[in-house]
Amino acid sequence: MKPSLLTTFILMLTISCFHLQAQKIDNIFFNLYTDSLKKGTYNYINVDGKFSNGTWLPLTTKHLKFSTSNGRFEGNSLLIDKNCKEDKVTVSATLLSDSAVSKSITIYIKKKEDNEKLKTSEEVLREIEKQGKQKRKS
């Protein structure tokens, strides 16, 4: 009996996963999505691992132990208290399988409030319409 394409794909994927798990993580790097952290919200801290075969993959608390100078972690997410008076925090990530592989980074905390009033869709449409009329006149 000839194996189906799906069966072959699943078999190849399974073999790839076992191969990847056998790879050792050589180094870790912070790959932040932002340049500052917001107070009172979960800030995802992305850490990528470089495997011995050159592959890069994002790491989680299955691979890392996180610590911080202020706030608390839930998984990869750092929660900074709304009343925090600090300007910045230091975040450290250490590989669970090899504590010699560790990185730290200093991240600033956003100071400006997120209370900017965004325009409604109607206001935006009116502005676009007004700009179109002005272009036609000139």
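**Close-up 1. Contacts of S36.** Leaving aside neighbours within four places in sequence, S36 is in contact (heavy atoms within 4.5 Å) with I107, Y108, I109 and K110. S36 is found in strand 2, residues 36-37. Strands here are DSSP runs (E) of at least two residues, and helices are runs (H or I) of at least four, both numbered from the N terminus. S36 and K111 are 75 residues apart in sequence. In space, their C-alpha atoms are 9.0 Å apart.

This is a predicted model: local features need pLDDT of at least 70, side-chain atom pairs count only at pLDDT 80 or more, and totals for chains, interfaces and linings use all residues. Residues are numbered from 1 along each chain as its sequence is written, and side-chain values use heavy atoms, with hydrogens and water left out.

Close-up 2. Two strands pair if DSSP finds at least two bridges between them.

**Close-up 3. Strands 9 and 10.** Strand 9 (residues 88-95) pairs with strand 10 (residues 102-109) in the antiparallel sense. Seven bridges join them. K88 has Y108 as its bridge partner in strand 10.

Close-up 4. S77 lies in strand 8, residues 77-79. S77 is buried (under 20% relative accessible area; exposed is over 50%, partly exposed in between; 1.4 Å probe, protein chains only). Its own value is 17%. Not counting residues up to four places away in sequence, S77 touches Y42, N43, Y44 and R72.
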